[in-house]
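Morning, everyone. I have one structure to walk through today. Let me put it on the screen.

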Amino acid sequence: MLKIALYTQKKDKETERYIQRFLEVLERKKLSIFLFNEMQESFNFHKSYQAFRTKQDLQENGIDYFFSFGGDGTILSTLNLIQNLEIPIIGVNLGRLGFLASFTQESVLENLDQILAGEMNFSRRSVIEIQAENIDCPYALNDVTITRKEITSMITVEAEIDGEFLSFFWGDGLIVATPTGSTAYSLSCGGPIIEPNNDNFSLTPIAPHNLNMRPIILKDNVEIKLKVSSRVPKYFLGLDSRLYHMNTENELILRKADFSFCIVFPKETNFYETLRQKLLWGNDKRN
């Protein structure tokens, strides 16, 4: 019997009604169902289900598929739970943009049998692992972001690649992004779009003080060492949607994790078509 985990961060009535409908479909298929513990507490479902709270719970119960209900931010938050278990994630888009949450509410139900039979596209995405003090989950699917805490002065980020000095980045901060994260914050800061199957990281400066500083693309088998200096002894470190307050004396070491994050996409999904749809490429009256 397949074991299915359901997860969401949303707590509204519309989400509750849809997930109740989804649960009824799963029950008819005689599947073993596990709900994120907070869903049991937030929603008034018709019956109670087995619950999970941590990565250990998922591992001990041998979960086969993990359904995430929300947007891309919800999928990013699942990394904190799944980490290196490599359980396939099916993102059901209840949000807005959705580069990762690629199934609509109806399409996931229409294609559920094919999903559970493994007849979809499985995209394995690279993950950044960070070595730093006081980090509870040292992984990022999209990006690792260093930003200033004091809004009136810039910070300096010193970067080394495999022990070789790269440069000082003066400005508001620095983004280290995976190909998955290249269409997120890095893109907003002028970073390059990287097709998901590439083995690269990109370093994108945030509002650089020296205007000749430009993003750089690196092979993802390197070790990136970063050190921050600032007028104040603190700065912000972002790992996807998780934010940490860091001391400037703490050195950061980034490398590619030894596992991947598996996302399930419909067979007809095409990355370039997604770019055209989400970023409105070619959406011009002249065309």
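Ground rules come before anything else. This is a predicted model, so local features need pLDDT of at least 70, side-chain atom pairs count only at pLDDT 80 or more, and totals for chains, interfaces and linings use all residues. Residues are numbered from 1 along each chain as its sequence is written, and side-chain values use heavy atoms, with hydrogens and water left out.

Overall chain. We have 8 helices and 17 strands. Those are DSSP runs, numbered from the N terminus: helices are H or I with at least four residues, strands are E with at least two. Along the principal axes, the C-alpha atoms fill a box of roughly 60 × 50 × 35 Å.

Burial next. Of the 287 residues, 52% count as buried. Buried means under 20% relative accessible area, exposed means over 50%, and partly exposed is in between, with a 1.4 Å probe and protein chains only. The chain exposes about 14100 Å², and carbon and sulfur atoms supply 44% of that. The areas come from Shrake-Rupley with a 1.4 Å probe.

Contacts, meaning heavy atoms within 4.5 Å. Among those between residues at least 6 apart in sequence, 67% join residues at least 24 apart.

Now helix H4, residues 72–82. Why call H4 largely enclosed by the rest of the structure? Because 9 of its 11 residues are buried. Among them are Asp72, Thr74, Ile75 and Leu76. Just after H4, Gln83 takes a positive phi of about 50 degrees.

Stay in the loop between H4 and strand S5 (89–93), where Pro88 sits. Pro88 is buried, at 14% relative accessible area. Leaving out residues up to four places away in sequence, Pro88 touches Asp64, Tyr65, Phe66, Phe122, Cys262 and Val264.

On to the largest pocket. Its volume is about 620 Å³. Of the 32 lining residues, the closest to its centre are Ser102, Phe265, Thr269, Asn270 and Thr274. Helix H8 gives the largest share of the lining, 5 residues. Strand S6 (121–131) and H8 (271–278) each supply at least two. By class, the lining has 11 nonpolar, 15 polar and 6 charged residues. Nonpolar here is Ala, Val, Leu, Ile, Met, Phe, Trp, Tyr, Cys and Pro; charged is Asp, Glu, Lys and Arg; the others, Gly among them, are polar.

Points join across faces, edges and corners, and the volume is the space filled by probe spheres set on them.

Lys30 is not a glycine, yet has a positive phi of about 60 degrees. Lys30 is in the loop between helix H1 (13–28) and strand S2 (32–36), and is exposed at 62%. Leu280, in the segment after H8, also has a positive phi of about 60 degrees. At 52% relative accessibility, Leu280 counts as exposed.

Notes
On a 1 Å grid over the protein atoms alone, a cavity is a set of points where a 1.4 Å probe fits but cannot get out, and a pocket is an open set with protein on both sides within 12 Å along at least five of seven lines; lining residues have an atom within 4 Å of a point.
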